[in-house]
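Trainee: Please walk me through this one, topic by topic, and spell out the terms as we go.

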Amino acid sequence: MARVYVSSVINAPASRVWERIRDFNGLPKWHPLIRESRIEDALPADKVGCIRNFRLQNGDLIRERLLGLSDYDLFCTYEILESPMPLEDYVATLRLTPVTDGDRCFGEWSAEFACDADKESDLVGTIGGDVFQAGFDALKRRFSG
């Protein structure tokens, strides 16, 4: 299994950042890679089992299912159901932890997935940099002022 792990410190309280990212259908509001998103079957965006169907800025379609969401522990876990990326069994978790020194938060985004060995390095780099770090960078910009 390939693994990706990215972490970052965001200069805002965890509760404020969580308000922004907890909406499983809200990626276009904060992630620069995402153009549009909808929850299939008109389910609530915080219902475990709901499926988000979204398009990247380049038009690619991705479908993901919400596997877990906790307002207490500030995390969401999801799996990819459909993607143009050559991978399988993708499960990721995005988690926030309060940093009391300065009222900031520590963000962690991790994923595990299966793929061909010759694709692993590229996929780990793309997911870690273009998806996870790009999301954290956008959140840092949003909460910087």
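Mentor: Helices (H or I, at least four residues) and strands (E, at least two) are DSSP runs, numbered from the N terminus. This is a predicted model, in which local features need pLDDT of at least 70 and side-chain atom pairs count only at pLDDT 80 or more, while totals for chains, interfaces and linings use all residues. Residues are numbered from 1 along each chain as its sequence is written, and side-chain values use heavy atoms, with hydrogens and water left out.

Trainee: Okay, which residues line the largest cavity?

Mentor: Its lining is made up of Ile21, Arg22, Asp23, Phe24, Leu27, Trp30, Arg52, Cys76, Tyr78, Leu94 and Trp109, and at least two of the lining residues come from each of helix H2 (27-30) and S5. On a 1 Å grid over the protein atoms alone, a cavity is a set of points where a 1.4 Å probe fits but cannot get out, a pocket is an open set with protein on both sides within 12 Å along at least five of seven lines, and lining residues have an atom within 4 Å of a point.

Trainee: And what volume does the largest cavity have?

Mentor: About 90 Å³, where a volume is the space filled by probe spheres set on the grid points, which are joined across faces, edges and corners.

Trainee: What about the largest pocket, which residues are closest to its centre?

Mentor: The largest pocket has a volume of about 330 Å³, and of its 23 lining residues, Leu33, Leu56, Ile62, Met85 and Val131 are the closest to the centre. S3, strand S4 (61-70), strand S5 (75-82) and H3 each give two or more residues to this lining, with the largest share, five residues, coming from H3.

Trainee: New topic: how many disulfides does a search of the whole structure find?

Mentor: The search finds zero disulfides, a disulfide being a pair of cysteine sulfur atoms within 2.5 Å. For cysteine 76, the nearest cysteine sulfur, that of cysteine 50, is 10 Å away.

Trainee: Which residues does threonine 93 touch?

Mentor: Threonine 93, in strand S6 (residues 88-99), touches Phe75, Cys76, Thr77, Glu108, Trp109 and Ser110, leaving aside residues up to four places away in sequence; contact means heavy atoms within 4.5 Å. Threonine 93 is also buried, with a relative accessible area of 17%, and its side chain makes a polar contact with that of threonine 77 (2.9 Å). A polar contact is a pair of N or O atoms within 3.5 Å; within protein, one must be able to donate a hydrogen and the other to accept it, and residues adjacent in sequence count only if both atoms are side-chain atoms.

Trainee: Last one: where is asparagine 53?

Mentor: Asparagine 53 lies in strand S3 (residues 51-56) and is buried, with a relative accessible area of 15%. The side chains of asparagine 53 and glutamate 40 make a polar contact (3.1 Å), and asparagine 53 also touches other residues, including Ser37, Leu61 and Arg63.

Conventions. Buried means under 20% relative accessible area, exposed over 50%, partly exposed in between (1.4 Å probe, protein chains only).
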